[in-house]
Amino acid sequence: MSATTIPDYGTLGQRAAAGLKPKGLSDEQKIARAKQAFIAGIDADMATYLESCIHCGMCAEACHFYLGTHEAKYTPIFKTEPLKKVYRREVAPMRLFNRLTTRDITISDLEDWKELAYDSCTQCGRCSLLCPMGIHIQSMIQVVRNGLAAAGMAPAELQAVSDEQRDKATILGAGPDRLREAVERVRAQGIEVPLDKEKAEIMVLSSALDFLKDEQLLGATARIMNKIGADWTIRSDGFESANFGALSGDKPAQRRISKRVIDAAVATGAKKVIVAECGHAYPVLRWEAATLYGKELPFEFLSVSEYFGQESKAGRLKLKKPSGEVSHVTFHDPCKLGRMGGSFDEARELLGAIGVKLTEMESHGRTNLCCGGGGGVSMLQSADKLRKAAFELKREEVERTGAPTVVTACNTCLQTLEKGKQWLSWDKEIVNLVQMVSENLD
Amino acid sequence: MNEGLYWQGMTLLDFARGPAFRWSVAIFIVGVIWRLTMLILAKRKRLEPPKGAPVAGGTKAVATRSTPPGELYGGLTTLLTRSAPAHELEKNIVFQHYSGYAWHISMFIILFLGTPHMLFFADILGFTWPTLPGWIITFFTVITMGILLVLFARRLMNPVLRKISTWDDYISWVIAFLPFLTGFMSVAHLTPFMDYETMLGLHFLSVCALLIWFPFGKLMHALVIWPSRYKVGAAFARRGVRA
């Protein structure tokens with residue numbers, strides 16, 4: 001029950017990048033496209049944030065990449081500089097004056113900001129909690145990513161998978177066929193998996209990343225769903241939680257990818273769509289998909305730990321407490337489920353039902369420190385050094401709890417914690433919440 | 001006072017607290033209204049139900065969506081709660097945080113509880129209020145100037161601040177500092193090469209400069225802080241998170 005169930009994201013990223021087809025844009029076209037995407041992203045909220053910065057630099061002190069390196073360029077608000085420049089020159093009420101004082105963005109600005117918007121930002125949103133002016137910096141960085149992606153300048157690792165997922169509905173070649181194979185292997189273990197049921201109350205999502213290496217996670221999820229006795233299905237035409245369009249910043253791709261899930265859920269008549277343990281997938285589907293789709297949705301998105309936690313609380317999911325020694329754990333809140341998703345209590349409800357001793361880290365819940373791998377960063381080899389520096393902060397917080405086990409509810413976090421364990425020869429056990437639950441069914 | 005001939009027979013002080021001040025206030029008001037109006041653009045509609053709200057369909061869902069009480073509450077509470085971030089976030093910014101508090105509070109004490117300031121406002125408002133002794137106001141002025149100088153030095157030396165500072169930060173610093181300096185020099189009668197009235201005139205002019213610059217530079221943060229905090233509070237509250 002550890003990261004051995006999921007593949008190494010860095011290796012996957014490298015494999016994907018090798019297949020990227022360049023867009024062949026001139027520098028002028030790149031700048032024009034980036035500007036267009038920046039301006040499209042500036043709504044009333046964004047304009048307010050852009051007007052508000054007092055350049056106090058406090059956001060740096062919330063960012064794991066700045067705290068880990070103390071390099072000024074990793075100050076969160078600095079990562080939005082190209083967007084700020086375009087706002088000042090093209091949109092701001094003071095734009096005529098600003099054109100005299102703010103130089104236009106250049107191709108080298110965009111090149112430089114690739115590292116700042118991708119490698120050094122997991123979009124964890126912690127800076128948005130500290131800014132005294134209340135600037136939602138994380139949402140601004142996503143607009144910077146949108147601009148870079150529109151200019152064809154997103155990292156090859158993310159753009160290649162985004163293109164593949166947009167066009168073929170597969171991730172690194174894994175699509176419906178690989179899902180069917182994985183389902184067969186789970187069924188061979190005696191676990192029922194209702195694949196492609198015509199109608200169901202609940203549609204469960206998986207991810208190619210979850211079954212590229214083995215089918216343990218798929219099996220664990222199925223066991224729990226069956227135990228709850230839910231009317232559920234998994235659809236081969238809309239099973240993928242991950243959205244590489246969102247990670248690369250390619251907004252049209254993001255829209256197309258999330259539409260597949262929505263269409264499948266509508267066809268199934270689902271009331272609930274359960275998103276797999278895939279960090280970014282939850283906020284992308286829960287908080288962005290309907291707006292991109294253009295319609296309110298007739299079902300709700302829940303993360304898998306959120307759903308299981310709710311079922312446990314309602315008494316429909318019964319878990320057993322261990323008879324022997326109580327294990328001591330700490331819980332790493334995935335940023336995308338917690339701070340960016342509002343799901344904190346459900347995972348703790350499950351841990352309570354299993355009966356483990358939970359010691360919280362100093363930064364937990366809404367102020368949790370990111371593991372350093374979210375937002376697609378775990379796939380970027382260029383970000384390895386930064387991730388190591390950021391991970392050190394996480395390690396320190398984990399160490400202070402004294403818990404030998406770290407539980408988390410996101411596979412990217414799990415991957416990152418496992419990687420950190422490898423880097424540091426760390427003696428901690430890293431455990432996936434869904435697998436932990438599936439092993440403690442009553 | 002003949003305003004048509006204000007260049008003639010008018011001292012600097014007369015000019016500063018007369019036409020210069022009136023024009024500055026007018027520019028301040030028009031500028032602030034203009035800049036805030038420019039922020040009220042078409043708001044993007046979010047189609048996802050807020051945390052805890054029912055999904056689409058049904059009267060309950062419609063009613064919940066039209067008045068998002070959670071967002072309103074989240075936005076309003078963040079106006080205040082953001083002033084005191086969680087310990088684990090604040091522990092690294094103690095100096096910036098408290099120095100910021102110290103000089104802003106000091107500024108308001110000087111502005112509203114200094115006798116000459118109260119009398120100036122009383123002239124406009126028509127009523128008076130108790131003030132603090134002059135020496136206390138002078139003390140706060142010195143403290144404020146001291147903090148502002150330290151913060152200025154910090155902006156010049158701290159790598160993060162150097163990276164993100166713009167011309168606006170330095171102009172705004174000078175504009176914010178001058179009223180304290182000229183006010184202090186007037187009260188302390190430190191008026192080299194000029195009489196007291198001229199120094200007081202310069203004090204008024206420094207305030208005029210502040211009023212004129214206010215809507216166009218970062219001093220405007222005194223107003224945009226509120227919609228910004230509200231919006232971040234509401235955005236997080238929508239997701240069921242306290243900002």
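Start by colouring chain A by domain: the assignment gives domain 1 (3–12 + 157–312), domain 2 (24–151) and domain 3 (318–438), with bounds from an automatic or database domain assignment. Before going on, note that this is a predicted model, where local features need pLDDT of at least 70, side-chain atom pairs count only at pLDDT 80 or more, and totals for chains, interfaces and linings use all residues. Residues are numbered from 1 along each chain as its sequence is written, with chains lettered from A and ligands numbered from 1 in the order in which they are written.

Now show domains 2 and 3 of chain A. Their centres, taken over C-alpha atoms, are 30 Å apart. Here 15 residues of domain 2 are in contact with 21 residues of domain 3 (C-beta atoms, placed from the backbone, within 7 Å). On the domain 2 side, pick helix H4 (64–69) and helix H7 (107–119) of chain A, which each supply at least two residues (helices are DSSP runs of H or I, at least four residues; strands are E, at least two; both are numbered from the N terminus). H4(A) gives the most, with five residues.

Next, hop to the open four-stranded sheet of chain A, ordered S6-S5-S7-S8 with parallel pairing (strands pair if DSSP finds at least two bridges between them). Select S6 (357–358) and S8 (429–432): these are the edge strands, each with a single partner, so one side of each lacks a neighbour in the sheet. S5 (residues 328–332) runs parallel to S6(A), joined by two bridges. Zoom in on A:His328, and you'll find A:Lys357 of S6(A) opposite.

Notes: Contact = placed C-beta atoms within 7 Å.
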